[in-house]
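Have a look at the sequence and the model below, and keep the 3D view open as you read. We will go from the overall layout down to a few local details.

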Amino acid sequence: MENNKSSGDKSSLKPIRCKAAVCRKAGEPLVMEEILVAPPQPHEVRIRIICTALCHSDITFWKLQVPPACFPRILGHEAIGVVESVGESVTEVVVGDTVLPTFMADCGDCVDCKSPKSNLCSRLPFKVSPWMPRYENSSRFTDLNGNTLFHFLNVSSFSEYTVLDVAHVVKIDSSIPPSRACLLSCGVSTGVGAAWKTAQVEQGSTVVIFGLGSIGLAVAEGARLCGASRIIGVDINPTKFEVGQKFGITEFVNSMTCENKRVSEVINEMTGGGADYCFECVGSSSLVQEAYACCRKGWGKTITLGVDKPGSEICLNSSDVLHNGKTLMGSLFGGLKAKSHIPLLLKRYMSKELELDKFVTHEMKFEDINDAFQLLLDGRCIRCVLWMG
Ligand code: CXF
Ligand code: ZN
């Protein structure tokens, strides 16, 4: 008998009632509620979340009081799930497939997706919108009073079911442990990709990482995989060095105790004229300036990954730029093309090259999501994975 969820008639699909952690007000505990998740529209898929992890951007948008903040919203964007149903015109995945959601689209069809040089899809360009990417002003979530709940980063994984555009899911091998695979949905891909794809770190390079949170540690993992010989970690918290060593950090600079030197001076001295690659993983424009000031003239690259306050500007001296020939680059999702590069990273995990286990410091039940938020806020976890059901 034909399964009308995977092919043919989609009209019989019904809304699903399930649990979600709703962010009703900035900075307030998420509220576990029953919600309704509408069926997928054309080019969309509805998935059942297996597990979701917390990323720092969830905290950023949970705290944010000004636009693009909006409430009530279903946060969460690092997850893994199983396709429950598909909308019209979806041929890439079928019901039962295991998928990773990604906040960046990979339509595979636009000029940017077709170019090996970019991961910035122009069919569905990245923006922080409260809606479905292909349908402006359209949400698939409502609360039990019939009020709209907003989407987040094209994923909204703090719900037992969610709807995504098919350009935002990657089919993966279902035998990979979900609590590890889900890390490639955002954080680890962002950091590892920044070293591997954006910077293209080579064997023997010297790398400096500003900020040893989960993204900085993922950059270290990427730099280690690329064969960097010196990986210098910069942070204001001295306990980060011990953590960093597990991720291949070879030297540590505490930027709080550089005496009267700027951290860039210290790095320039340590490296004899600057590092090959500097990564800014904090989201501070003054730290981007410091990073740029200590990458090597001629070939140094500075890569920004950190998210600064809306409207912040980076100030660089124009003759420094002209005379020194350095590169400054931004990197969203590590420059990775989700559909082709995530499967490659998963292969490297399965062959024990890419180490994912060390990122998972906590595993909890979805119901305990507010405790998990507190762990991340206090800097007590790298990744906390929340299991549904
Ligand atoms: C971020 C990157 C900048 C915008 C919001 C999402 N990445 C993932 O956490
Ligand atoms: Zn993230």
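The paragraphs that follow take the domains, the ligand surroundings and some backbone features in turn.

A word on conventions: this is a predicted model, in which local features need pLDDT of at least 70 and side-chain atom pairs count only at pLDDT 80 or more, while totals for chains, interfaces and linings use all residues. Residues are numbered from 1 along each chain as its sequence is written, chains are lettered from A and ligands numbered from 1 in the order in which they are written, and side-chain values use heavy atoms, with hydrogens and water left out.

Let us begin with the layout. The domain assignment, whose bounds come from an automatic or database source, gives domain 1 as 10-185 + 355-387 and domain 2 as 188-332. Taken over C-alpha atoms, the centres of domain 1 and domain 2 are separated by 29 Å. Their contact (heavy atoms within 4.5 Å) takes 12 residues from domain 1 and 11 residues from domain 2.

Helices (H or I, at least four residues) and strands (E, at least two) are DSSP runs, numbered from the N terminus. On that basis, residues 41-173 are 9% helix and 28% strand, with end C-alpha atoms 25 Å apart. Residues 215-339 are 37% helix and 18% strand, and their end C-alpha atoms lie 21 Å apart.

Now zoom in on ligand 1. Which residues are around ligand 1? With a heavy atom within 4 Å as the criterion, they are Cys-55, Ser-57, His-77, Phe-103, Phe-126, Leu-153, Cys-186, Val-307 and Leu-332. A polar side-chain atom of Ser-57 lies 2.5 Å from an oxygen atom of ligand 1, and an N or O atom in the side chain of His-77 is 3.1 Å from an oxygen atom of the ligand. Taken alone, ligand 1 exposes 270 Å², and the protein buries 85% of that; these areas come from the Shrake-Rupley method with a 1.4 Å probe.

Finally, some backbone details. A cis peptide bond joins Pro-67 and Pro-68, with omega about 10°, and another joins Phe-71 and Pro-72, with omega about -5°. Pro-68 is found in the loop between helix H1 (56-63) and strand E4 (78-86), and Pro-72 also sits in the loop between H1 and E4. Ser-89, in the loop between E4 and strand E5 (98-101), has a positive phi of about 70° although it is not a glycine.

Technical notes: A polar contact is a pair of N or O atoms within 3.5 Å; within protein, one must be able to donate a hydrogen and the other to accept it, and residues adjacent in sequence count only if both atoms are side-chain atoms.
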